[in-house]
Amino acid sequence: MCPVAVVTDSTAALTLELAQQYAIHIAPLHIIWDKVKYRDGIDIQPNEFYQRLRKSATLPTTSGAIQAEFLRIFEGLRGKADGIVTMVITSELSAAYNAAMTAKDMVTDIPVEVVDSRLATMAMGFGVIAAAKAAAAGGNMQQVVKAARDVFARVHLLFVLDTLDYLRRGGRVNLPAAVIANLLQVKPILTLQDGKVVPAGRPRTREKALETLLSLMKKKVTDTPLHVAVMHGDDPDGAEYLKREVASRFHCEELLVTAFTPVMGAHTGPGLLGFAFYNE
């Protein structure tokens, strides 16, 4: 038993294997589609989600009001851990942080620390893994939080959308209307800056967009060990291409491929490609 348990939400895009390997507990965000609620990554999986999204006349909505999911995990850790560190998607994009704080206030017999990562996807997931490694090594809550924050401070996230239409229609991402209008005829490259989605490039073709992704990555990579997670929204061939290019251009200590989780894909749509990466 680790003295500190590590919890995150499903937007971390951790594979089941990674979650099991590092004993990470995951609270699923919720998707509501045609009046039916699905738990992200439990009741609906990426392949099924994107296939339905491509054909559906209706759009799913998402909810980060998941205090019951966090509370279930926190209560289940009673007697199994001395403390809990919880890292959640940026509060600029979701109510998950408030939900975790509410659940924290409902648990009085085990200390809980909630961290707003100001990130999402594997950009957050890498910090969660670092926290889990620190916990497994016997770190206390402060040391576990520090391990996560050290990665959060260095990690980069870049992704290209096949279309901006889902972001526009969903309304969750707060890009100014003028910016959206300028990006509609291109393949927008986006990133997170202080927890908010901002443009990082606007190439006009998908081929150019992928090359731009790799060029932007090259500008940020240093000589220390490099960790990379390639992510995709129902485009495994594109992800495999990016993985090969990353492997050939950079010396990777770790190179993963993960699917863009449905609750994120509800806002970005199918066809997304990108990566999160950081240097030690």
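Tutor: Let us start with alanine 100, which sits in helix 4 (residues 96–106); helices here are DSSP runs of H or I with at least four residues, strands are E runs of at least two, and both are numbered from the N terminus. This is a predicted model, where local features need pLDDT of at least 70, side-chain atom pairs count only at pLDDT 80 or more, and totals for chains, interfaces and linings use all residues. Residues are numbered from 1 along each chain as its sequence is written, and side-chain values use heavy atoms, with hydrogens and water left out.

Student: Why is alanine 100 called buried?

Tutor: Buried means under 20% relative accessible area, exposed over 50%, and partly exposed in between, with a 1.4 Å probe and protein chains only. Alanine 100 has a relative accessible area of 0%, so it is buried.

Student: What does alanine 100 touch beyond its sequence neighbours?

Tutor: Not counting residues up to four places away in sequence, alanine 100 touches Phe70, Phe74, Thr86, Val88 and Val114; contact means heavy atoms within 4.5 Å.

Student: How do you know that threonine 268 is buried?

Tutor: Its relative accessible area is 7%, so threonine 268 counts as buried. Threonine 268 is found in helix 11 (residues 262–268) and, leaving out residues up to four places away in sequence, touches Leu161, Thr163, Tyr166 and Phe260.

Student: And what makes leucine 226 buried?

Tutor: Leucine 226 is at 1% relative accessibility, so it is buried. This residue belongs to strand 11 (residues 226–232). Leucine 226 and cysteine 252 are 26 residues apart in sequence, yet 4.9 Å apart in space, C-alpha to C-alpha.

Student: Why do the buried residues of helix 2 line one face?

Tutor: The buried residues in helix 2 are Pro46, Phe49, Tyr50 and Leu53. Seen down the helix axis, they fall within an arc of 90°, so they line one face; the arc is that of the directions from the helix axis to the C-beta atoms. The face turned away from this buried side carries the exposed residues Asn47 and Lys55.

Student: What makes a set of residues a nonpolar core?

Tutor: The set must consist of buried Ala, Val, Leu, Ile, Met, Phe, Trp, Tyr and Cys residues joined through side-chain atoms within 4.5 Å. The largest such core has 81 residues, and Val6, Phe70, Met87, Met122 and Phe126 touch the most other members. Helix 5 (residues 121–136) gives this core its largest share, 11 residues. A second, separate core of 19 residues includes Ile189, Leu213, Leu226 and Phe277. In soluble globular proteins, nonpolar side chains tend to be buried together.

Student: What makes a space a pocket rather than a cavity?

Tutor: On a 1 Å grid over the protein atoms alone, a cavity is a set of points where a 1.4 Å probe fits but cannot get out, whereas a pocket is an open set with protein on both sides within 12 Å along at least five of seven lines. Lining residues have an atom within 4 Å of a point. The largest pocket is lined by 19 residues, with Leu14, Thr15, Leu16, Gly41 and Gln45 nearest its centre.

Student: Which helix gives the most to the lining of the largest pocket?

Tutor: Helix 1 does, with three residues.
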